[in-house]
Amino acid sequence: MIVSLVRRIAILTLTVFAASTAIFALVHLSGDPTDGFLAPGAAPAVRDAARERLGLDRPIAVQYGQFVARTFAGDFGDSWRNRQPAMDAVLDRLPATLRLAAAAIVISVVLGLTLGVMSAWLKAGTLRLGVRLLAMLGQAFPAFWLGLLGIMVFAVQLRWLPASGSDGWRSLILPAFSLAAYPGSLIARMTQTSLLDVATRPYITHAHAKGLGPAAIWLRHSLPNALLPTLGIVGVQAGFLVGGTIVVESVFAYPGLGRLALQAASERDLPVIQAFVVVAIVLVALVNIVVDVTATLIDSVPRGASLAAVNRG
Amino acid sequence: MGEASRFVEVTPGREQSGSGVRRDQRRGHWSAAGTLLPLGIFMAVAIFGPWLGGDAIGQDLANRLQAPVGFGGQWGHPLGTDSLGRDLLARILAGARLSLIIGLAAASISAAVGVTLGLLAGARGGWIDTVVTAIVELSLAIPTIVIGIVLVATLGQSLPNLLAILVISGWIGYARVVRLQARNLVHADFITAAIATGAPAGRIAFTHLLPNVWPQVVVIFCQQVAAVMVWEASLTFLGIGLPIERISLGGLIREGQDHVFDGWWIAFFPGLAIALAVIGFNLLADWLQGRGGYLRRSTRFTDRVATSARSGLNGG
């Protein structure tokens, strides 16, 4: 676990470094950065003052060094649009995005696990097929389309839920569900497949032979072993969740990171973009670290439990 | 899978009843037909649609926001019209073609990059392997959307930039799988024999290793086309994909966002078209994976996780 933690943190550091290098190169390759926030016909003196204020008049190597150093310090300078520090602008929006992403993770894990476990446990063929079909559809429709459909049905027609904004949990329901559809489908499908796969393993036969009841076998042997691949999906989908949150936020006019970043992209507000990129990378890495730790914990449970069973038997 | 199915064929019982085998084959044909149907429909629509359908650009303000047939509309515009009176069906046909072209192009370029780097890393090992693996790990940690936002903010919005975004996040899926396969194969006897005959590294990679990883590459390709089409639509929907003057499925849904109150069909039908394509390509991938003679069962599972990572493209 320590090894994987160190590995994740090393990857995180390298990623932030690589991303800041790429952004620095892109910014300087794509023309004069001052174009981004000065009026097109600005006087040369104004332009020079701006260059000096931003440190753009210094040698490129010095600029690069400072840029990377400031990236790791989380200091990206002021937003070019409003005089707020870029990092503060991003951090202001972070809680809303975290709420949405967390709600989507919970929904996708709960729904996915329930459907997957039910369809594998109840040996009904129609249910199994139904879950597979549902999973196929959930993976096929883009999250933003599901969101729009949700607005049209539940906000416009039925008037049950708000179509946009972020007042209270009611406005979280539609975005969270449309975001959860894809990972939820994957989890349902993967849980079903791995439960059916685990059921054929020798250690399950052994548990039966030992006289353990079906419930005990499920709780101690089947579920923990089938859960690991599911957790793997959550980790692998961390990037999707962060990316998908941005898309879904835009559908629901939800005031999170995504809307800020899209606006910054259209206005070429580079400090805000940089802050956003670093925060997004850190978020993905954090989700993966949490998943790694949880996986290690789950992995250690069945070993202890089965040992206890052996001692008792 | 090849070994497994051969094993099934020689089990007693199966072997004796010839009709059973034939029934299996027949069922195989039917499932193949069912599998390929969604993709067939989408391909036909995308390829031939623009000749069949009407005018995708012509405006007709007198007939703006007409509902589809069955909801009070007329057969002149089967799926209704948009806010400028343009025929939605014709626009979906045109958009489906562009989305398909972008999907195929991005998945092909990604395959070329990913397979080459994967083969190099897996077969040569050493520092090349270290560098490629490091780049893969780093890229996995950055969501596609984030790459898109950075590129659009710095370089602007255009078709080449969109392809760049899709390839930057797409090649990883190939590289990971090909690298692992090449690593496993590089100590096989036929490779040792090829090295012993003095074959150059390039020939070993492309004439000996590549044919053995090809079936998996084809499967990933199909999954990637589906994933790329969703990402293209998502980026265009966000306004950082295709430029606004191009007709695409994502762009149509973006237009439909303004008409959730008075024109649900504008966003609804393009979404169905995307889903049809995604289901079609994913079913094709599953079907190929089931048939692929070289695939062992154990690799299917991990591949799924790996590709869903990048479907990372779907995964991000």
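Which residues in H6(A) meet which residues in H7(A)? Start there.

This is a predicted model: local features need pLDDT of at least 70, side-chain atom pairs count only at pLDDT 80 or more, and totals for chains, interfaces and linings use all residues. Residues are numbered from 1 along each chain as its sequence is written, with chains lettered from A and ligands numbered from 1 in the order in which they are written.

**Stop 1: H6(A) and H7(A).** Select residues 143-157 and 170-198 of chain A; these are helices H6 and H7 (DSSP runs of H or I, at least four residues, numbered from the N terminus). On H6(A), pick A:Ala143, A:Leu146, A:Gly147, A:Gly150, A:Ile151 and A:Phe154; they meet A:Leu174, A:Pro175, A:Phe177, A:Ser178, A:Leu179, A:Ala181 and A:Tyr182 in H7(A). Contact requires C-beta atoms, placed from the backbone, within 7 Å. The contact holds 10 nonpolar, three polar and no charged residues (Ala, Val, Leu, Ile, Met, Phe, Trp, Tyr, Cys and Pro are nonpolar; Asp, Glu, Lys and Arg charged; the others, Gly among them, polar).

**Stop 2: A:Ile246.** Move to helix H10 (residues 238-252) of chain A and select A:Ile246. A:Ile246 is buried, with 26 other C-beta atoms within 10 Å (buried means 20 or more, C-beta atoms being placed from the backbone). Show A:Leu257, A:Gly258, A:Ala261 and B:Ile145; A:Ile246 touches them, not counting residues up to four places away in sequence.

**Stop 3: the A–B contact.** Select 40 residues from chain B and 45 residues from chain A. On the side of chain B that touches chain A, H5(B) gives the most, with nine residues. That side divides into 28 nonpolar, 11 polar and one charged.

Methods:
Contact = placed C-beta atoms within 7 Å. Helix = DSSP H or I, 4+ residues; strand = E, 2+ residues; numbered from the N terminus. Buried ≥ 20, exposed ≤ 12 C-beta atoms within 10 Å, placed from the backbone. Axes fitted to C-alpha atoms, helices over the stretch in contact; angles between N-to-C directions.
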